[in-house]
Amino acid sequence: MHADRPPRPDQVYLFGTCLIDLFVPQAGVDAVRLLEREGLTVHFPRAQTCCGQPAFTSGNPDEARRVAAAQIALFDQPWPIVVPSGSCAGMMRHHWPTLFDDDPKMQARARDVAGRVYELAGFLVDVLHVDYSAASAEPVTVGLHTSCSARREMGTRAHGVQLLSALPGVTLDTHANESECCGFGGVFSLKHADISGAIVHDKVASLSAVCERFVTADCGCMLNISHAAEHQGRALRGEHLATFLLRRLEGQA
Amino acid sequence: MSARERILARLRAAEPGAPVAPPDVAAYYAQRPRLTPGERLQQLCARLRASRADVMVAQPAEWARVAADALHLRGVRRLALNGEVRAEELAATLPPVIEAVRFDGEIESWKQEMFATIDAGFTPASAGIAATGALLLNHGGALPRTLSLVPPISLVCVDARDLYDDLHHASSSQRWADDMPTNRVLVSSPSRTADIQQTLAYGAHGPRELVVVVIADGDLA
Amino acid sequence: MSAQPMHFVSPAQFRDRVSEALADDGLRDNFRSAMNFLRDKRASQFPDPVETEALRDLGEAVRKHALAHLPALLEKLETNLQARGVEVHWAETPGEACAIIHRIATEAGATRVIKGKSMVSEEVELNHYLEARGVECLESDMGEYIVQLAGERPSHIVMPAIHKTKQDIARLFEQKIPDAGYTEDVDALIRTGREVLRERFMQADIGISGVNFAIAETGTLWLVENEGNGRLSTTVPDIHIAMMGIEKVVDTLEHAMPLASLLPRSATGQAATTYFNLITGPRRPGDQDGPRRMHLVLLDNGRTQAYADAQLRATLQCIRCGACMNHCPVYARVGGHAYGTTYPGPIGQILSPHLLGLDDSRDLPTASSLCGACAEVCPVRIPIPSLLMRLRTEANRAPGAAVAQPLAGQGASFSVGQKLVWRFWSGIYASPGRYRLLRWAATRFRWLAPRRQMGWTQHRTPLRPAARSLHDLMKARGQPR
């Protein structure tokens, strides 16, 4: 089993995820800067693309395997792999090994890599023991949406809460049905657009009732909720946890 | 081949899957904290009351009078009971206004009367379960199932010495599996339903009221 | 609110019914408040996470053990039931199950059946079968009675009338029950139902019930209920017929103990239901009541298909508590009828493909965001999201592809176009060079992002790629590789 609290490393990999790469690159840069701030050297293998989750969850494991195999080859140093997304981290840690049930050699490599995968918030708290008490004290109220994978596969909801609660000036407001899915679910949001739309509609309503800004460590949820809010003409906007943390640490609101 | 043989053949032809160890149910319950007799009594009463049962604790010499008073208070005229020690004790204590009705023979001869004329039925319990606030009724033989089911009021007595922490504790201590009567019933409240807009209502199809007398002597009471 | 006639619906029309359900604000409100109520009730029964997880482990172990020994346990159950005078019948299909029961009724000259709650009887559409042959079938569970009166089917496996408000039921009773005036008082409504059904319990020739756990070692059928209608159905009529899926057996009485604790706590948030009704055989010599004849009908109906596959077998661990649907964001939005299946919600999505085939049920496995709330609360730890993904894979598989255990309707969602899209996708994402090209094009031509993006833009503003990708930014920073 994965050791959640290994000794503090001085080098790590960042797996940026395909969504961040193309749609929210600043979140990736901010995650790198948060890690560098703690004195780490952050490696970014240039050949990385995607964890394969879209194919995996839509019932196309052969295609997922092909993409995952290409990623697994990129992390040959024994460094931790930090992922600024609970759902990609969940895919890598829990599902990569299962993709290679028929290939023991590849499965062993997948297990080795999976065992080094960390969701960003979990890594900051459990491994780096970050201290953010010197951050900006300007008052702000935010909501927190934890992705279902971060909550249930990676167990890092508490880490998000801990990081935000430790920031001076930040009030964290809990929204109604906080533990419920935002309705994204990758391909689900396309295949069952109406159900997904109904779920995110309610998520936008319950977040809007307590805040105009929300923070999340998953870009899938963030894009889903923010773009649904925009579609409805609501002011609610989301921000990646890494970006929010870094800005507060740099003394901004 | 019959349906039976085809179903069993398909099951036997299935992938074996990973080997499965027998569950250690006893070990799980053994590591649960044990209650003292006083805690058991207290918990049983609290749980039953929370489920809208009317619970009284009485001394062995007093229980029948306490039970009879409870029936009298509810205006019971006809009480169904059957011949065993507790039933006889209760019958002997009933005020004249309450008639003890004993059904002989099988249900076909008294079904109509049971449904139409009986206000309350008396059933002694063989055990009480503290964890869930439930009473064990061993129906069969001279204790027909309808006694605790058809009359609007169900009266149950239980001896405080027969209380157990949980269902596993009771079933293993009393060795239930060795001798199953036709119908073992665990009762934890008057019959109830929340099928209409999650609103709890009592007296669904079974008794509207559950009256419990726990017989406890000395220290416990 | 729409009262949809629920006979002969099929999950194949899932999408149409979802649209109807989503457009019905009243229905959504009913489900939302009912779900919140049931979630809170369940949570109150599991205050200690350590105890909860240990008990779930035990529940899972019991069910896995039973399934691992299923054929032997079924034979043991049969032997012990027969020793108690219970006649045991085996049915491969719904039609066979119905015919067995009709034959028992015919031989006994029975015309009036009273039913306790049985989802298996819903699964085989028993009421319809018997009514068509002149045998009256009356549901006695209050929720089941209400949906039967309304000509509908249950929308929830534990609370059949959960989609109805008390106003709906007040109107229904006023219309359908002679002398029942309009009242929204729930106690009065229940009293009305009780009075109507009491008479019928007394007159019924046959009582039909489900089974929650069947104990192989003692030949005992364990029924869990609150209303007392299950006890009446299995006590008063001369004949009792119990129906169960073949998966419901456990080895020993002791094995049923953790399940009996998990089931009511997970289902309705009760420490125990009003009645645990453990039935061991029909009336014995010396007994004063109870049925004189007793039958058990064991139903396969696709369960052996799920059983054949070591992964899909976990579907059969289910103890039908309904916690998965109570916690499902999809179920809470569309309600139980939209699924068009006997078992709605997450458990229905993984079970129905075996009962009905993937052809009709192909839209069910994809109707999930895979949020995992179901698996988190499942008392026997069924890995529902993994099984949904597996069923998606089987639905996508080429119809003729040779596999060890083909599922009925394998390849129901297969399309060459779809397959090519995923081939193309993986061709890009498995190749750094091709992916670089995609990145370049996506960021350069970001202004060309379409305004309509499949389902996404029905409820959201369009997505547009960033001007520079993370790869670009990392390169500009000189990030080590």
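Visitor: What kind of model is it, and what are the ground rules?

Guide: It is a predicted model: local features need pLDDT of at least 70, side-chain atom pairs count only at pLDDT 80 or more, and totals for chains, interfaces and linings use all residues. Residues are numbered from 1 along each chain as its sequence is written, and chains are lettered from A and ligands numbered from 1 in the order in which they are written.

Visitor: Into which domains is chain A divided?

Guide: Domain bounds come from an automatic or database domain assignment. Here chain A has domain 1 (11–127) and domain 2 (140–249). Their C-alpha centres lie 22 Å apart.

Visitor: How many residues of domain 1 of chain A are in contact with domain 2 of chain A?

Guide: Two residues are in contact if their C-beta atoms, placed from the backbone, lie within 7 Å. By that rule, 28 residues of domain 1 of chain A are in contact with 23 residues of domain 2 of chain A. On the domain 1 side, helices H1 (18–22), H2 (25–37), H3 (53–57), H5 (86–99) and H7 (120–127) of chain A each supply at least two residues. H2(A) gives the most, 6 residues. Helices (H or I, at least four residues) and strands (E, at least two) are DSSP runs, numbered from the N terminus.

Visitor: How do the residues on that side of domain 1 of chain A divide?

Guide: Ala, Val, Leu, Ile, Met, Phe, Trp, Tyr, Cys and Pro count as nonpolar; Asp, Glu, Lys and Arg as charged; the others, Gly among them, as polar. The domain 1 side has 14 nonpolar, 11 polar and 3 charged residues.

Visitor: Now a strand. Which residues of E9(C) lie on each side?

Guide: In a regular strand the side chains alternate between the two faces of the sheet. In E9(C), C:Tyr275, C:Asn277 and C:Ile279 are on one side, C:Phe276 and C:Leu278 on the other, and all are buried. Buried means 20 or more other C-beta atoms within 10 Å of the residue's own; exposed means 12 or fewer, partly exposed in between, with C-beta atoms placed from the backbone.

Visitor: Which strands pair with E9(C)?

Guide: Two strands pair if DSSP finds at least two bridges between them. Strand E9 (residues 183–187) of chain B pairs with E9(C) in the antiparallel sense over 5 bridges. There, B:Val187 stands opposite C:Tyr275. Strand E6 (residues 220–225) of chain C also pairs with E9(C), antiparallel, over 5 bridges. C:Leu221 is the bridge partner of C:Ile279.

Visitor: Why is H19(C) called largely enclosed?

Guide: Because 11 of the 13 residues of H19(C) are buried. Its cover includes H3 of chain A, together with H14 (323–326), H16 (345–356), H17 (358–361) and H18 (373–377) of chain C.

Visitor: How far does helix H3 (residues 49–68) of chain C reach?

Guide: The expected span of a helix is 1.5 Å times one less than its number of residues. H3(C) has 20 residues and reaches 28 Å from its first C-alpha to its last, close to the 28 Å expected. Among its buried residues are C:Leu55, C:Leu58 and C:Gly59.

Visitor: How many residues of chain C are in contact with chain B?

Guide: 75 residues of chain C are in contact with 60 residues of chain B. On the chain C side, helix H10 (residues 186–203) gives the largest share, 8 residues.
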